Every structure is written in C-alpha cells, then in structure tokens.
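Me: I am new to this structure. Could you take me through how to read it, feature by feature?

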Amino acid sequence: MNYLLLTALVAYVNAAVHAVLAFAYKRRAVERVALMSLALGFAAHTAAFLSDWIQDGHYPLFGLREALSFLAWTLVVAYGLAHFRYQVKALGTFLMPLVAFLVTAAMLVKSSADMRAGTIAAGAAGWVFPIHTTFLIFAYAAFFVVFAASAMYLWQERELKLKTFSALFHRLPSLTTVDDIGSTAAGIGFTLLSLGIITGAILSSQQTGRIWHNDPKEIFALLTWLLYLTMIHYRIQWRGRKSALVGVAGFGLVIFTFLGTRLMGGYHVFG
Amino acid sequence: MSIILVGLNHKTAPVEVRERLAFTDEACAETLQTLVDGELLSEGLIVSTCNRVEVLATTRSLNGDEGAARISSFLSEMRHLPDNFFLGHLYTHADEEAVRHVFRVASSLDSMVVGEPQVLGQVRRAYSNAVTAGTAGRVLHRLVHHALHVAKRVRSETGIGANAVSISFTAVELGRKIFGSLKGTTVLVIGAGEMAELAAQHLSSAGASRILVTNRTIETAEQLAQKIKGTALDFSSLPAHLAEADIIICSTAANEYVVTEELAREALSARQQRPAFFIDISVPRNVDPAVGELDNLFVFDVDDLEAVVASNIREREREAERAELIVESEVMQFQQALRSLDLGPTVAALRQKLEEIAQAELKRQRSRLGDLTPEQERAVEALLMSTVNKISHPIINRLRHSHDTGEEETLKAWRDTFGLEE
C-alpha cells in the first residue's frame, strides 16, 4: 500500500467534492478548501512520485499504473498554471474530479513488473525514454485543458445562439477567456506532442533502426498531431467555434492514443 | 422590552400615500426626537425611501401594541392626515416578526426589484440619521449591525443580485460574457434613441474604450457623439467601420435591414473571425436575423433581451428562496443574542442593589464593632460580600434560565421583587 499516494487521493477527492460544491453554491470559503486540499494532494502526490523513484531506482513512468498517476499529476500542474494565469474557477470543477478518478484508477490497476520497458530504458539511448514519455504525458494534460476549455466554449456559444441560459452559463468564464485558454493550451500541447514524437523516433531508430512501426499509438499520435497542425495553421479562419470543435475532436484522438492502443495491440504495449 | 415596526411599502400602499408620508433626512431627525420620548418608546429609527416608509422602535413594555398605536397616531398627526387615509395600508410587526422584516428589507428581499443594491445604503443612512438624532440605543445598534451582516451574507452567498434586470445592463452583461472584460472594446451606435444611448453609456462605464456613432443625418450623430463622448461617423462609411466594432447597437427607424448578412460576413472576415455582439433594439429589426447564424456573431433583438431579463428575474426569485433561509437562521441567532443582551443590566442592577444593602447595614452597625485592625475590617467586608454573592448566585442562575427559555413572567416577577428596572 502506498500511503503517500493514498493521502494524495484523499486530498484530491476532498478537493473535487469542494470544487463541485463551490461551483454549485458560489461559496468563496468552499473554494478555498478545494484549492488548499488540492495543494496538499499535490504535495503528497509529488512525494509519492519521488519516493517511488528512489525505491525503484528508476524514473517511475513505465506501467499503466504509473502513467495514470503521472497524468493526474501533470493535470494538477496544468490546472495550477491556468488558475494562476486566468483565475478561472470553473476549470477546477471539471479537472479535480478527473484527477481524483485517475489517481483512484492508478491505485486499482495492478502494478506489473515491466520487463520490456526496463529493456528499452537499459538499451541504446535509453535515457531518452523517460523524456519521451514525460513530454507525451504533459501533452495529454495540455490537450485535456484544451478539451475542457473547448467544451465550455461550445456550451456557452450554443446558449448564446439559442438565447436561453442555464444556471451553468453564469458560472462559466467568458468566451474570449476560454478561447484564449484553449488556444494557449493547444499551442503548448502541440509543442509537447511534437517533442514527444521526435524523441520517440530518435529512441526507436537507435534501438531498432526504424522510426515507424505502424503501431496504433503512433498512428493516432500522428493523426492528433496533424489535426492540431491544421488547426494552428488555420487559427485565424477557425477562431472560436471551429477551433473549439477541433479541441473536442482532438481530445477524442488523444484518448485513443492513450488507451485505445491497449486494446489494439502493437509495439507500444507494455505490461 | 419589545421591538416594533410600523410602516407601509410599495406592496401595501400606492405612491399617493407613500409620497405623503415620506421623510427627508432633516425631518427624520426631528420626528425621531419628538417620537422617542424615553417613556413609551426608548429607541427609534425611520427608513424612508421611494418605496417604503417604516418606523422601527423599541418599547419598554413587553407588549408592543401600545407603542405601535402611538407611532401610527403620531404619523397621522404630524402629517395632518386623516387616520383612514393610510391606516389600511399600514403593517405592524413585533419582536421576531419585526427583526425578520428588517433583515429582509436590508437584504433586498422586500424590494420592488428583488436584489437591488440601493436599499442597503438607504438602511445605513436611516441608521446614521437615528444615531445623529440620538435615538439609536443598545437594541437598535445591534439590530442594524446584524441586518447589515445578513445583507452581506445574502449578497455573497446567493446570486440574488447577480444578473441584470434591465435591458441596458443585460446588454453589458452579455458583452462581458462574450468579451470577458469590456476594456479595449469598440462600441458602434447606429441610429439614435434613448435606449441606445443608455446602453452605450453603460458599456462605456463598464470599460468600453471607444465609441463610434453613425446616423443617416450626420447632425444627429454628432449630437449623440458629443453626449456620450464618442466619434461621429458618416453613414456611408458604415460598411468600412463595421469591422472595427466589437459591440454594435442598432436603433434606427429604417424599415429594412441596415446590417445585412453580406455586410456582416464581410466585416467578420475583415476582423479575422473575432466575435462581435449585435444589440438590435429597433422595431422593425435592423439586423438581419441570418447574421446571428454566422459563427462568432451574436445577435440579440429587443425580444431576446427582454426574455433574458425575464429569466434573470426568475433566477433572482429562486435565489431569494435561498436567501430566506439565511435570514431565518440569522433571526434565530439575533433573538438569542437579544435575550442575553437584555439580561445584562438586570443582573448588574440586582448585584448592585444587594451590595448597597450590605454596605448600608455595615455602615449602620460599624460603630458597635469598636476598633478593628485593618485586617479585621477587610475580613468583615469580605464576609458581607461573599454572603451577598452566595445569595445572588442562585437568583442570577434562575434569571438566566428564565431568560433563555423566554419565561417573561418569571423575569418580571423577579424584577418586581427587587424593584429593578427593565
């Protein structure tokens, strides 16, 4: 039992519950509890991450369990940045429950001794491996922020067009703000994804002499990359609604990239 | 002691009655000084706004009826109004009811437009008038401070004042929803008209940095531009300037669409698809409804804005229900605080009375004791005081108990026994 991770989970669940309550009842005090709880969870989570690193003797980013937990951690980092930059409270209402969910999943998933990942890390240019995975997990977190911002955009845009407003409408940040968050996060996500793909290609060419394995994960990553490349290229013509639609669709591809390949097999299957 | 409130408001009295009874600040002070005689009424305060005139007072007697009657007859005398002119419009609340009413008024739950923020300032002013007149005492200080606290809680914990309930503020709010801050936005007013002017003014005080005005007759445009500190444009240059504007207010008497779909489409691509917000307050409409179907353009006509206002009012009413719960819990708290507030002087008076008796007896019998050392002297005194305390202690406990459980009769009996004032 990893007590540090458990502490983090309890704090995250508490943060998620309070974030949702603060959103529903607009209570400043409840919101503070959520933020403080999140900070506490983040501290425990970071400690758990470091202690795993020391205990296992390697960068803990190989199995599904570790990937889920690390993804949750990067989401908290992303939320911290967005909160600091835009003071958007509504984002936490969607993000904190997801963080709690990911950490729960990480605790439930069986940690398997992962021989292949170990071999890769020990092989030629093995030091690139943790960089490759770290870039990509941060990219996933950035794309989730794009998704959340896009969903908020589309929801509000729809209500503005229909001219009927739900209670949710008044609690969401303005269209310009969510559009700004979405495009900033998309830029960051795209950069990280590019770096992740490049490092992956370097690693693969060093170890197997091939940079492309026709693996589902690679295909979906490339599709995501192309989609965002198109979006960034047309960012002026696609401002607003269209880019929000891309943000939602792109996140579908990201989920496939992250989980879908597990079901389809291929080079990237570990554990 | 009893708290009473006598008054009328927009729900119970028509404006003809309200205006005859309204008080200016000076009249308030004068009236209060005459009304609060220190006998029947011990404290007083008058809230007078265009929607309500209310006299809040405390009486020495446990029953507020006499005080209430005094206030209403006083009002009719002082304004030379026949009783039947306004008695039917008057309401009277006593104690808990009065406290609840004051809290509801301060929290803007009793206002014509529920949640409007002005009433809090009016209550504050009424209080400061009473303080100046010297008619606010222990109970009213507490009551008003508590009411301000309740109002603050209601405002921050419910959305009662959150959404705009007028067309021009709704326009500002929707603008904020689209652009975030209105700082740096450009507003274009097409046509003239009171509502357009008002909306432009609200937008400008909400931060809009540039205002453009255009009209078929350039003179009218210039006049309006001068009034709202904008720039007048020639009407023919409208297509060229449409792209610059983030918020467009349309209010002309034209019978056809001034902003056609084609015009809007061109402007949209010229402004690189950045969103724009059209407020069409002209009838017949001046902005082609098809414009609203283009991405990133939002068109609201008069009916749309009115529908938003109506739904905001409904939202406020829902929030008001939550506010009532807050008021209810605060009324309970206040009543509890009031009871202990009320007992303090009684306890002090009882102690003082017993101590006085002991001191007087000691003085009377002192000569019989002969010469005493200072130590002995102190011992005698200590003996007397501890006897007084031992006797008063169970009585005070009993008083507190009766007080907490609201047994007014028992309290009164104790006060009578020792000849204490309330």
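Reply: Start with a term. A crossing is left-handed if the near helix is turned anticlockwise from the far one by less than a right angle, and right-handed if clockwise. Keep it in mind for a helix pair below. Note also that this is a predicted model.

Me: What elements does chain A have, and in what order do they run from the N terminus?

Reply: Chain A has nine helices and zero strands. From the N terminus on, the order is α-α-α-α-α-α-α-α-α. Of the 271 residues in chain A, 45% are buried. Take contacts in chain A between residues at least 6 apart in sequence: 79% of them join residues at least 24 apart.

Me: How do I read a pair of packed helices?

Reply: Two packed helices are described by the angle between their axes and the distance between the axes. Take α1 (residues 3-25) and α4 (residues 90-108) of chain A. They pack at an angle of about 150 degrees, and their axes are 8 Å apart. Angles over 145 degrees count as roughly antiparallel, so α1(A) and α4(A) are roughly antiparallel to each other.

Me: Is the crossing of α1(A) past α4(A) left-handed or right-handed?

Reply: α1(A) passes α4(A) in a left-handed crossing.

Me: Which residues meet there?

Reply: From α1(A), they include Leu5(A), Tyr12(A), Ala16(A) and Phe23(A). From α4(A), Met96(A), Val99(A), Val103(A) and Met107(A) are among them. The residues of this contact divide into 17 nonpolar, three polar and no charged.

Me: How can I check the length of a helix, say α3(A)?

Reply: Compare its expected span with the distance between its end C-alpha atoms. Helix α3 (residues 64-86) of chain A has 23 residues, so at 1.5 Å a residue it should span 33 Å. Its end C-alpha atoms are 32 Å apart, which agrees. Just after α3(A), Gln87(A) takes a positive phi of about 50 degrees.

Me: Where do chains A and B touch?

Reply: 17 residues of chain A are in contact with 22 residues of chain B. On the chain A side, α6 (128-162), α7 (175-208) and α9 (241-264) each supply at least two residues. α7(A) gives the most, with three residues. The chain A residues on this side divide into four nonpolar, six polar and seven charged.

Me: Now chain B. Is Ser73(B) buried or exposed?

Reply: Count the C-beta atoms around it. Ser73(B) has 12 others within 10 Å, so it is exposed. Ser73(B) lies in helix α3 (residues 65-78) of chain B.

Key. Residues are numbered from 1 along each chain as its sequence is written. Chains are lettered from A and ligands numbered from 1 in the order in which they are written. This is a predicted model: local features need pLDDT of at least 70, side-chain atom pairs count only at pLDDT 80 or more; totals for chains, interfaces and linings use all residues. Two residues are in contact if their C-beta atoms, placed from the backbone, lie within 7 Å. Helices (H or I, at least four residues) and strands (E, at least two) are DSSP runs, numbered from the N terminus. Ala, Val, Leu, Ile, Met, Phe, Trp, Tyr, Cys and Pro count as nonpolar, Asp, Glu, Lys and Arg as charged, and the others, Gly among them, as polar. A residue is buried if 20 or more other C-beta atoms lie within 10 Å of its own, exposed if 12 or fewer, and partly exposed in between; C-beta atoms are placed from the backbone. Axes are lines fitted to C-alpha atoms, for helices over the stretch in contact, and angles run from 0 to 180 degrees between N-to-C directions. Angles under 35 degrees count as roughly parallel, over 145 as roughly antiparallel, 65 to 115 as roughly perpendicular and the rest as oblique. The expected span of a helix is 1.5 Å times one less than its number of residues.
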